[in-house]
Structures are given as structure tokens and as C-alpha cells.
Amino acid sequence: MSALGPGRAGTPASPGTPDLAALMARVAVGNREAFTLVYDATAPAVYGTARRVLRDPDLAAEVTQEVMVEVWRTATRFDPARGSARAWVTTIGHRRAVDRVRAVQAQRTRDDLAAQREYSPPFDDVQESVERDVEQTRVRECLESLSDLQRDAVVRAFYRGRTYREVAEDLSVALPTVKSRIRDGLTRLRLCLGVDDHA
């Protein structure tokens, strides 16, 4: 069985190339001499096709070898009524090259995902996240320091986006009462959080 050596892929088939369809029939029954002739006649075209798709000479050479092995193993599938032997072989080459491109892209995607999972955020991001968590914890603790009525009114107004009037309707109490609860609740929150009303 021939091997794709330096310069072989770029060497055009000689003008006296035998009938490839007839050679393929002999390859189909295991004739190695016929396969050598098919290889020499079609490998350059396969390599050229793979090189155009992959743009990498080494990958193109690998694909060419894979294609020629496939031709040897599946020669019985060649049907001369459906096209020339050269077209059949180069079509296999094109399909293999495209598959290789997809495999390379899939591997890159897996590598990128793995890199993202292993990514550690900069210290500033971690510090900001910690500070935000601490602040949220303080707010929750301070909310717990309010009376139930104050906390319910403040949460409805500032965390659920309800207006004072809607809060009053939700709680079935007078609007001035709701305003008073929210005002007193906010005052206690500011004191708990150390916020200066006059800042």
C-alpha cells in the first residue's frame, strides 16, 4: 500500500492514468496493485481538497491517509453509474476534512468551557461580592430589629415596589397609619445601619 510522501500530494496524475472505474472494481476484490494505482491517481486531489478545507498541511496529509484507507475498505460501495471514481474519492475526502474541522472546533469549545470553569475572578471582584453579601446581611439583620408591622410595611413598599396607598389597601389600614409605620421603620433602619439622615 502506498504512503503519502513529501511531494506526492502535489504531483498530478500522469496523462496515461488507467481507467479508475476498472481499477476500483479490482480494488473491491482486494487487489493491492490496483489500489496502488488508484492511490497514485487520486491522493493528490484528495490532499488538495483537504488542504483547502483545513488550511493545515499536516492535518490534510492525515485526512488523505484516512481517506485512502477508507477507499481500500469500502471500494465495493463505488458505483460507476453514479459518477467517476475520482469524484467519489474526493467526495469522501471533502466529507472527512469537514468532519475534522468540526472535531477541532468541538475540542476548542470544550477547552474554552473547561477554562471558564477553572477561571478565578480577580480579587477586586471577590472583595466586591463579599462586601455586597455583608451589606445584604446587615440589612436583613436590621429589618429583623423592626416591629412586625413596621417591617411588613417597609418590605412591601421598598422590596416589592408597592405604593403607600397599595400597601394601605393590602393591609386594610388607613394611609396615614401606613406612612407612619414606614417612616418610623426607615428611621430605625437608618440608625441600625449607621446612616446619617443629614448626610
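Predicted model: local features only at pLDDT ≥ 70, side-chain atom pairs only at ≥ 80, totals over all residues.
Select D152 first: at 28% relative accessibility, D152 counts as partly exposed. Residues are numbered from 1 along each chain as its sequence is written, and side-chain values use heavy atoms, with hydrogens and water left out.

**Stop 1: around D152**

The side chains of R156 and D152 meet in a salt bridge (2.9 Å, N to O). A salt bridge is a side-chain nitrogen of Lys or Arg within 4 Å of a carboxyl oxygen of Asp or Glu. R156 and D152 are 4 residues apart in helix α6, separated by about one helical turn. Helices (H or I, at least four residues) and strands (E, at least two) are DSSP runs, numbered from the N terminus.

Now select R151, which also lies in helix α6. R151 counts as buried, at 18% relative accessibility. Leaving aside residues up to four places away in sequence, R151 touches L143, E144 and L146. Contact means heavy atoms within 4.5 Å.

**Stop 2: a surface patch**

Go to F158, in helix α6 (residues 148-158). F158 is partly exposed, with a relative accessible area of 46%. With F158 they form a nonpolar patch on the surface, with about 330 Å² of accessible area together. Patches are made of residues with over 30% relative accessible area and no salt bridge; like charges are joined within 9 Å, nonpolar side chains (Val, Leu, Ile, Met, Phe, Trp, Tyr) within 5 Å. Accessible areas come from the Shrake-Rupley method with a 1.4 Å probe; for residues, only the protein chains shown count as cover.

Next, select R162 and E166. Their side chains meet in a salt bridge (4.0 Å, N to O). R162 is partly exposed, at 31% relative accessible area. E166 is partly exposed too, at 29%.

**Stop 3: the disulfide**

Which residue does a disulfide join to C142? Select C192: the S to S distance is 2.0 Å. A disulfide is a pair of cysteine sulfur atoms within 2.5 Å. By this rule the count comes to 1 disulfide. With -80° about the S-S bond, the link of C142 and C192 is left-handed. The pair links distant parts of the chain: C142 is in helix α5 (residues 123-144) and C192 is in helix α8 (residues 175-193), 50 residues apart.

Is C142 buried or exposed? C142 is buried, with a relative accessible area of 3%. C192 is partly exposed, at 37%.

**Stop 4: aromatic rings**

Select F35, Y39 and W72. Ring pairs link F35, Y39 and W72 into a cluster. Rings of Phe, Tyr and Trp (its six-membered ring) pair if their centres lie within 6.5 Å; planes under 30 degrees apart count as stacked, over 60 as edge-to-face and the rest as tilted. A search of the whole structure finds 3 aromatic pairs. One of them is F35 with Y39, edge-to-face, at 6.1 Å centre to centre and 70° between the planes. Both residues lie in helix α2 (residues 32-54), 4 residues apart. F35 is buried, at 1% relative accessible area. Y39 also counts as buried, at 1%.

F35 and W72 form an edge-to-face pair as well, 5.2 Å centre to centre, with 70° between the planes. F35 lies in helix α2 and W72 in helix α3 (residues 57-74), so the pair ties together parts that are 37 residues apart in sequence.

**Stop 5: helix α4**

Select G93, in helix α4 (residues 85-117). G93 counts as buried, at 0% relative accessibility. G93 touches V46, V63 and V67, not counting residues up to four places away in sequence.

Then pick R100 and E62. Their side chains meet in a salt bridge (3.1 Å, N to O). R100 lies in helix α4 and E62 in helix α3, so the pair ties together parts that are 38 residues apart in sequence. R100 is buried, at 16% relative accessible area, whereas E62 is partly exposed, at 42%.

**Last stop: the whole protein**

Clear the selection. There are 8 helices and 0 strands in the protein. Of its 199 residues, 29% count as buried.

Key
Buried < 20%, exposed > 50% of the residue type's maximum accessible area, 1.4 Å probe, protein only.
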